[in-house]
Amino acid sequence: MVDAVALRQECVAAIDGYGGGYFHERDWLRAAFLEVPREHFVPDRVWWPNRKDGHYPLLDRTERPRQWLKAVYRPLAALITQIDDGRVRPEDGPAADGCFTSSISCSAVIVDMLHHLDPQPHERVLEIGTGSGYTTALLAHRVGAPNVVTVEIDHGLARRAAGNLGALGLDPHTVVGDGEGGYAAAAPYDRILSTAAVRHVPAAWPRQVRAGGVIVTPLDTPYNTDALLKLVCDGHGNATGHLIKPVTFMKTRAQRPRRSYGELGWPGWAEHRVTVGADGQRIHTEGP
């Protein structure tokens, strides 16, 4: 018999072994992870994101509960909960093709994002992309559910997440809508967390964050990966920040189509400079 609590503890121990970020210096985050049952937010049928025999395997809790639960707590495993905005159904079995459109992100990445967001007790947080509601629950554990606003564009996902959260006695303000517009009715926020990647940061987000407030979001890059981006806002609709590390996320619906990286403001290859000397190598770009 596989025990969810024991698997949760093993997952924490594994993540504790990663350097920088994660649970380090965030005791509140470790406590939240240990208390919130991740398995409660995972549908009984999910797809494994790596192909086997040309298909994405289906993990079925009813048929193979041990396999399903162990997958839930693999620290670097994301589980796919929706393909092609729901047009591919889990009851049809392993998926031969399709675009992943919702998932419960891997534990390690969720923990790392929350580490860098670093919400403080009673702060107001806007989450973009409710998904299963799991990250929402971790946020609620830290700041209190009444201080969390979470926006989900998919009606079915939003309804299911609200049910998941309600079953644990959590009632954040769940909004069905396009998260790229944020949620101005409850602004200003202390923090914004996006669980979907963007190619460009929507202008509405920094407009809805107080001075000194933080935005954490995955950002599409020209380097064949997304990057975790942390921005600090000035309270006047502007924000500056830096890239933290590579991550991989699904794009917001409006930003799925590819765009020129030059149009998005990325420097071209010719704008990179390499300096080599006694102190080692430095790679940088020209300009301010």
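How many salt bridges does the structure hold? The structure holds 19 salt bridges, a salt bridge being a side-chain nitrogen of Lys or Arg within 4 Å of a carboxyl oxygen of Asp or Glu. The model is predicted, so that local features need pLDDT of at least 70 and side-chain atom pairs count only at pLDDT 80 or more, whereas totals for chains, interfaces and linings use all residues. Residues are numbered from 1 along each chain as its sequence is written, and side-chain values use heavy atoms, with hydrogens and water left out.

One of the salt bridges joins Asp118 to Arg26, with the closest N and O atoms 3.2 Å apart. This pair links distant parts of the chain, 92 residues apart: Asp118 is in the loop between helix H4 (107-117) and strand S5 (125-128), and Arg26 is in the loop between H1 and H2. Helices (H or I, at least four residues) and strands (E, at least two) are DSSP runs, numbered from the N terminus. Arg26 is buried, with a relative accessible area of 14%; buried means under 20% relative accessible area, exposed over 50%, and partly exposed in between (1.4 Å probe, protein chains only).

A salt bridge also forms between the side chains of Asp220 and Arg199, at 2.9 Å from N to O. Asp220 is in strand S9 and Arg199 in the loop between S8 and helix H7 (204-207), and the pair links these distant parts of the chain, 21 residues apart. Asp220 and Arg199 are buried. In a further salt bridge, the side chains of Lys251 and Asp226 meet at 3.3 Å, N to O. Lys251 lies in the loop between strand S11 (239-247) and strand S12 (272-277) and Asp226 in strand S10, so the pair ties together parts that are 25 residues apart in sequence. Both Lys251 and Asp226 are buried.

A search of the whole structure finds six aromatic pairs. Rings of Phe, Tyr and Trp (its six-membered ring) pair if their centres lie within 6.5 Å; planes under 30 degrees apart count as stacked, over 60 as edge-to-face and the rest as tilted. The ring centres of Tyr18 and Tyr22 are 5.3 Å apart and the planes stand at 65°, so this pair is edge-to-face. Tyr18 counts as partly exposed at 22% relative accessibility, while Tyr22 counts as buried at 13%. Tyr56 and Phe100 form another edge-to-face pair, with 4.8 Å centre to centre and 65° between the planes. Tyr56, in the loop between strand S1 (45-47) and strand S2 (58-60), and Phe100, in strand S4 (residues 100-104), are 44 residues apart, and the pair links these distant parts of the chain. Tyr56 counts as buried, at 11% relative accessibility. Tyr223, Trp266 and Trp269 form one aromatic cluster.

Tyr22 is found in the loop between helix H1 (4-16) and H2, and its phi is near 55°, a positive value in a residue other than glycine. Phi of Asp84 is likewise positive, near 55°; Asp84 lies in the loop between strand S3 (79-83) and S4. The peptide bond from Ala187 to Pro188 is cis, with omega near 5°. Pro188 is in the loop between strand S7 (173-176) and strand S8 (189-194).

Trp28, Leu29, Ala32 and Phe33 are buried in helix H2 (residues 27-35). These residues cover an arc of only 135° around the axis, which puts them on the same side of H2; the arc is that of the directions from the helix axis to the C-beta atoms. Asp27 and Glu35 are exposed on the other side of H2.

Zero disulfides are found in a search of the whole structure, a disulfide being a pair of cysteine sulfur atoms within 2.5 Å. Cys11 is in no disulfide, and the nearest cysteine sulfur, that of Cys106, is 9.2 Å away. Cys11 counts as buried at 1% relative accessibility, and Cys233 is buried at 4%.

Ile283 is in strand S13 (residues 280-285) and counts as exposed, at 55% relative accessibility.
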